[in-house]
Structure formats: structure tokens, C-alpha cells
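Visitor: I am new to this structure and would like to learn how to read it. Could you walk me through a few features?

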Amino acid sequence: MSQVAATMGMTAGEADYSNEQYAMLANTAKEMGAATKFSAAESAEALNYMALAGYDAEKACGALPTVLNLASAGGMDLAAASDMVTDSMSALGIEATQENLTKFGDQLAKTAQKSNTSVSQLGEAVLTVGGTAKTLAGGTTELNTLLGIIADNGVKGAEGGTALRNIMLSLQAPTDMAAKKMKALGLSVYTAEGKMRPMNDILNDLNKSMDGMSDQKKQDALSTIFNKNDLKSVNALLANSGDRYNELSGYVEDSAGAMENMAKTMNDNLTGRITEFKSATEGTGIAIYEALGSSNLKDAVAKASGWMTQLTKATEKGGLSGLVEEAGTVASEVAVTVADQLPSLVQGGVSIVQSLVSGIDQNRGSIAQSVMLGLSTMLTGIMKLAPQLLSLGAGMLLSLLQGLDQQMPGILSAGLT
């Protein structure tokens, strides 16, 4: 949290719970540490990445649940998830509101479920296509659908983003030869108002304009309009511009809750429960630390540092004699400090014992019931096993007697000797 405060430009005096912004950040990190598989420290780390992206305290706290869910759903570390979300939203020109962040994460999760790619690979693709995708008429729904179809055909991650970016740029800013070919085919990229038409409409028109052409002529036309390195992706989009596009687009559009559900599924196993337990344990440690009073602990350590400085200076000035003499002064100061703190320490210890006794007293009925249930279960089990235990005991005794009988001549001989 000190790192988060420093990144957000808070001074040392502002980095505590008396500062409303700091308190909001710290409490959000603790809440997420208690509610998710990520610890409070990891949540604070995610807040720091968002602070680096220019998010203020309120915006960072609002975005944190989405970042954590996205990291869980995609099996990503928080650094990668934070960078991906903040950079992608910025590149696409989307305001980083809670609603927009959640919708963006849900669409990534649903696309990963319904096409041959992962959340992290989609994130890489989105970052690579970057601001070029801002012109897509269908927004993030269209973007994810196009990337999903390209991924289905083996072009994923940054490579898929590069392919989509190149395809869009080939259509938006064609070469002279490409523009002539598009005009000859009757292919329109923009509306009368100058806005880009939906990519799937453009692709459908391109398919229709090439009806009846031989395979060679089709490839010649595509090679003239698009970069040869992108033809695999172009053909994938053309081949899936009908039912598959509509199917995947429908899934992406109706994706509310996909990210959270995917995260829950990913964590619903023993490893996930152990991770949550570790996170909860850290939360308990933080609570105890804060209950002890972090300012008191800081003051105590600062005072101890001062004593070390006193000893160092005395040694430098008077050698070992100076060290010994100053050690006596420091020892007396330590004794006075401990004596000053002793009443509160004793009172704190008494309070802890009183609370423990009170807690046991309030729950003595359930404690006694649990003990009796345990004893009853144990006795019932012993009774069920009694016949086998008796049989086992008798068998062991018989084996022992038989062994003695067999060895008796040797034992008597040894005894006589």
C-alpha cells in the first residue's frame, strides 16, 4: 500500500487511514483479499498497476474486482491482467467505468469459451490491433467476434491482432491498385456519412462480388486488395461470414456474467481452496497488525534505530570504552521504555484472556455438544469393531503361545546353561 500511495503521489503523512483516498484503496485491497483467491497484497499490487496507468483512487477501486475476475478466468497473473485491461480500454477509447470494464471482461471470457483461443491470447490480440479497432461499427462485440473467428483458424494472440489490423487498414486505406479492384467489385467500405460499415457486411458483399469467379481469380482479387501474409485470415473471415459469425456474435453480445462464472469454475478445486485459505490467513495477519497499532510499532522500531545510532556514534568517538559507557545509557532508556509500556501490555494481555474465556463461555453448549458427539462416534465405532478386535487379539495370543511352544526347548537349554 505504501507503493500504491507513492505511485498516486501521496506524501508520507497522507499514506495512512486518516486519508480518505488511502483508506478507500487499503480497504478495497483487504476486501478483495477476503473475497477472492488473490491476497490483499496481490490486490494492492494490481491497484499499483492501475495507478501507473493514471487511474485515481476511485476509478482503481472500481476496476479492481473486474481485474481480479479477469485474471482468475484467464489464469493470468495480476500484472498482465491489469496492463491488459487498462491499455486495451485506453487504446479502444472506452471510458474505464465499472460497467464498461465488466462488459469488456465478460466479452473476452465468452469469446474464449466459444472459440479456439484464451483470455490472455485475446488480450494480446486486442492490444495489437489497438486504436485501429476504434472504427469498428460493432464496437467490442464485433472486435471479439472477428478475433475469435481468426483464432479458430490458427491465428491467435498478437499474430491475430496484427492480421485484423492489417485487414482493416487494407480496406480503409487501399493502395491505388487495391482501390481500383474494390471499385470494380463494387465494394464499399464506408457509409454515405463516412463511417466504416460493419466488417461482416463488407465481407458478405465481397463474397457476393466474387460469385462465379474461378479460384485463381478470387485469389488474384484478394491478393490485390490485401497483404499476402494476411490471406489466411481473410479467407477465414470470408468463409465464416454467415452462420458462424452470427452464432459467435450472439454469444459475445449475450455474455453478461461470463467472466465471474468462469473465474468461479477455475477456482472450484482443492488448489483454489488452498489459495483462498492462504489469502484469508494473510487477511488475519493484517487485521492483527492493525489491531496492535502500526503507528506504535513504527515508533518502537524508530526508537530502536535511534539507540543503534547512539551506540555507533559513541564507538566512533570513544572506541570500546565509549561503546560500553553508552550501552549503559541505552540500557536504562530501554528499561524506562519497557516500564512505560508494561501497564498497557499487561492490560492488553488481561483483555485477551478475558475475551478468550468469554468466547468459550458463550459457546460452551456447542463445544460440549461437539465433544460428546465425538466421544459417541468414537465409542460407536469401537463397539462395531469389537468382534474383529477380539478375534485379532485371540489370534495374536494363539500365535504367541505357538511361538513359545516351538521355541521352549531352546529357551530351557539356554536357561540350564
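This is a predicted model: local features need pLDDT of at least 70, side-chain atom pairs count only at pLDDT 80 or more; totals for chains, interfaces and linings use all residues.

Visitor: Let's start with rings. How many aromatic pairs does the structure hold?

Guide: The structure holds one aromatic pair. Its members are Y17 and Y22, whose ring centres are 5.7 Å apart. To name the arrangement, look at the angle between the planes: over 60 degrees counts as edge-to-face. Here the planes are 85° apart, so Y17 and Y22 are edge-to-face.

Visitor: Is Y22 buried or exposed?

Guide: Buried means under 20% relative accessible area. Y22 has 10%, so Y22 is buried. Y17 has 38% relative accessibility and therefore counts as partly exposed.

Visitor: Which charged residues sit over a ring?

Guide: For this feature, check how far the charge is from the ring centre; the limit is within 6 Å. K59 lies over the face of Y55, 5.4 Å from the ring centre. K114 has its charged end over the ring of Y251, at 4.5 Å from the centre.

Visitor: And the helices: at what angle do α2 and α4 pack?

Guide: Helix α2 covers residues 20-35 and helix α4 covers residues 57-74; they pack at about 10°, with axes 9 Å apart. Angles under 35 degrees count as roughly parallel, so α2 is roughly parallel to α4.

Visitor: Which residues make the contact?

Guide: Among them are M24, L25 and M32 of α2, and L64, P65 and L68 of α4. By class, the contact has 10 nonpolar, two polar and one charged residues.

How values were computed
Residues are numbered from 1 along each chain as its sequence is written. Side-chain values use heavy atoms; hydrogens and water are left out. Rings of Phe, Tyr and Trp (its six-membered ring) pair if their centres lie within 6.5 Å; planes under 30 degrees apart count as stacked, over 60 as edge-to-face and the rest as tilted. Buried means under 20% relative accessible area, exposed over 50%, partly exposed in between (1.4 Å probe, protein chains only). A charge sits over a ring if NZ of Lys or CZ of Arg is within 6 Å of the ring centre and within 35 degrees of the ring normal. Axes are lines fitted to C-alpha atoms, for helices over the stretch in contact, and angles run from 0 to 180 degrees between N-to-C directions. Helices (H or I, at least four residues) and strands (E, at least two) are DSSP runs, numbered from the N terminus. Angles under 35 degrees count as roughly parallel, over 145 as roughly antiparallel, 65 to 115 as roughly perpendicular and the rest as oblique. Contact means heavy atoms within 4.5 Å. Ala, Val, Leu, Ile, Met, Phe, Trp, Tyr, Cys and Pro count as nonpolar, Asp, Glu, Lys and Arg as charged, and the others, Gly among them, as polar.
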